[in-house]
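Q: I have just opened my first protein model and would like to learn how to read it. Could you walk me through a few features?

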Amino acid sequence: MAEAGSIHGHGEARVQGALVAALGRERALRLESGVELGPFTIAYQTYGRLDAERRNAILICHALTGDQHVASRHPVTGKPGWWESMVGPGRVIDTERYFVICANVLGGCMGSSGPTEIDPASGKPYGLAFPVVTIADMVNAQALLLDHIGIPDLFCVIGGSMGGMQVLQWAASYPDRVFAAIPIACAARHSAQNIAFHEVGRQAIMADPEWRNGDYLSFGTNPRSGLAVARMAAHITYLSETALHRKFGRNLQNRERITFGFEADFQVESYLRHQGSTFVERFDANSYLYITRAMDYFDLAAEHGGVLAKAFSGTRTRFCVVSFTSDWLFPTRESREVVHALNAAAANVSFVEIESDKGHDAFLLDEPEMFKILRGFLEGSAEHRGLRR
Amino acid sequence: MNEGPGANQRGIRIDLLSIADMVEPRSRVLDVGCGDGALLDYLARFKQVDGRGLEISQAGVNACVAQGLSVIQGDADADLKDYPANAFDYVILSQTLQATRRPRQVLTDLLRIGRRAIVSFPNFGYWRVRLDLLLGGRMPMTGTLDQPWYETPNIHLCTIEDFLDLSRDLGIAIERRIAIDGKGRSRQGGRPLDNLLAEQALFLLRKNG
């Protein structure tokens, strides 16, 4: 991280150990909604060293509840980075070889502009005055960040889930800036079922009286229970029935028999409550609304007349699409649609489906098959790009 | 892809080597049924081709991608239709045509996607095959047809003459042909006894006109 410091220009500040870039100062970022946003900030982390030719940069795009702390201790929770099994010295994304960037998405709550940040116009937190952002807006903001850091083009963009959506958007919006793209456990558009799950989460937040029409920061309240319920519902979708059964079955939580009440009798209930309550310590409820909305709005084919292949026409990017057998949130079928579109665009594409019973979250976990495949893909791509070992 | 006759000193099977010899350096190649990627890897190393693969088994695909090859899971019957016309200089279908559901459609697709197609298949007119059936009265098994009738994926076996008939029907021109005998020796095809002596046949095809 320290090595990267020398290449950063002006407008830098360190907040909670993260780098923060002030962007859109001369010219505002025009959002998909038509709103002009600027100036705004993007908080990010870097790992490793940018080579002299500036050709070894890998951008990691995080998922809905992730952030820029991909391979370093989280400043709020104190936990290791969320993808340390993948990113680090000697790992698949080898920080001794590649310069790794991970930025908190626009609308996030870890230092990038979003509903928790202060609106320069009013001097108060944005709350719901923050404009609705899309996956394309997030990617456009990241592109400005790269300009700011001084990276002309990326060796690779990689991410899972919403991170994978950003990868696809990157490849479609900036084909000349992406040498290799690895969209994992994602889709080119959010399905009706996924929008439905998100709506349940948003309604849980908005039904919490402490939400105060989104203005809870001014009132000094916090819709913790609403956000916790949203997280609990969503968390189920990240797992699989097999994984839940293996982990918990119908086991009881610290008791011999059921209590004929509504305590967390079952271990699975206790687990979900824990997931909910720890999540609210590190995540903002309004951010959750904005980011889920960005995912719902994602439909890459829509801006290309409904033909997904057109989003990739003429692309020279090398793709490696990855899905997991037990992922029912972003099933293999949806990755296959992306692959079909890439084939129709005569793109250079690899596609692997990985056998796992861990559900959608498999991409975050220790999956040796995934590591082996991505190592090979990156190695091959690095060779084609002429990167030194 | 069947395992077929043994690998040669350059590390790949003799029939794959004959295929590789038909491919111009630095061309764009799609290998349909690429198996473990041996041919694609060879073509990338020695002919600098821009290669892609299609493979039905996920394990095969994963192994290919792990060695840096661009391969997707799919099969000739279902997935060729996605590719645009003339996307490749060569589309290769090695020892797979006889296992497709609609060989006629597959051949048409190969020459739509590629400017040329390279197709190899076991020759059902091979004398050992004929003899097995004639004298043994049972489904033939040879080096290239090495599985019993109840295990084999081959559902559309043909002889060289059958293949030539279909090519004529489809307006396909044959640029080169190679006959590979039971000992794995390949020679220029097109001789009168090929249909009897060749265990495998290999064709370089293009559209007429």
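A: Gladly! Let us begin with a term: a salt bridge is a side-chain nitrogen of Lys or Arg within 4 Å of a carboxyl oxygen of Asp or Glu. Side chains of opposite charge can pair when their charged atoms come close. Here B:Asp181 and B:Arg185 form such a bridge, with 2.9 Å from N to O. Keep in mind that this is a predicted model, where local features need pLDDT of at least 70, side-chain atom pairs count only at pLDDT 80 or more, and totals for chains, interfaces and linings use all residues. Side-chain values use heavy atoms, without hydrogens and water, residues are numbered from 1 along each chain as its sequence is written, and chains are lettered from A and ligands numbered from 1 in the order in which they are written.

Q: Are B:Asp181 and B:Arg185 buried or exposed?

A: Relative accessible area tells us: buried means under 20%, exposed over 50%, and partly exposed in between, using a 1.4 Å probe and protein chains only. B:Asp181 is buried at 19%, whereas B:Arg185 is exposed at 51%.

Q: How many salt bridges are there over all chains?

A: The count is 24. Among them is the bridge between A:Glu36 and A:Arg30, whose closest N and O atoms are 3.0 Å apart. A:Glu36 is partly exposed at 47%, and A:Arg30 is exposed at 53%. Salt bridges can also link up: A:Glu199, A:Arg202, A:Arg293 and A:Asp296 belong to a network.

Q: What describes a pair of aromatic rings?

A: The distance of the centres and the angle of the planes describe it. Rings of Phe, Tyr and Trp (its six-membered ring) pair if their centres lie within 6.5 Å; planes under 30 degrees apart are stacked, over 60 edge-to-face, and the rest tilted. The whole structure has 20 aromatic pairs over all chains. In one of these, A:Trp170 and A:Tyr174 have ring centres 5.0 Å apart and planes at 50 degrees, so the pair is tilted. A:Phe312 and A:Phe319 make an edge-to-face pair, with 5.6 Å between centres and 75 degrees between planes. A:Phe312 is buried at 1%, and A:Phe319 is buried at 0%.

Q: Where in chain A does pLDDT stay under 50?

A: First, pLDDT is the predictor's confidence in each residue, from 0 to 100. Chain A has a mean of 94, and 95% of its residues reach 70 or more. Over residues 1–16 of chain A, however, pLDDT stays under 50. Where pLDDT is low, the predicted coordinates should not be read in detail.

Definitions and conventions. Contact = heavy atoms within 4.5 Å.
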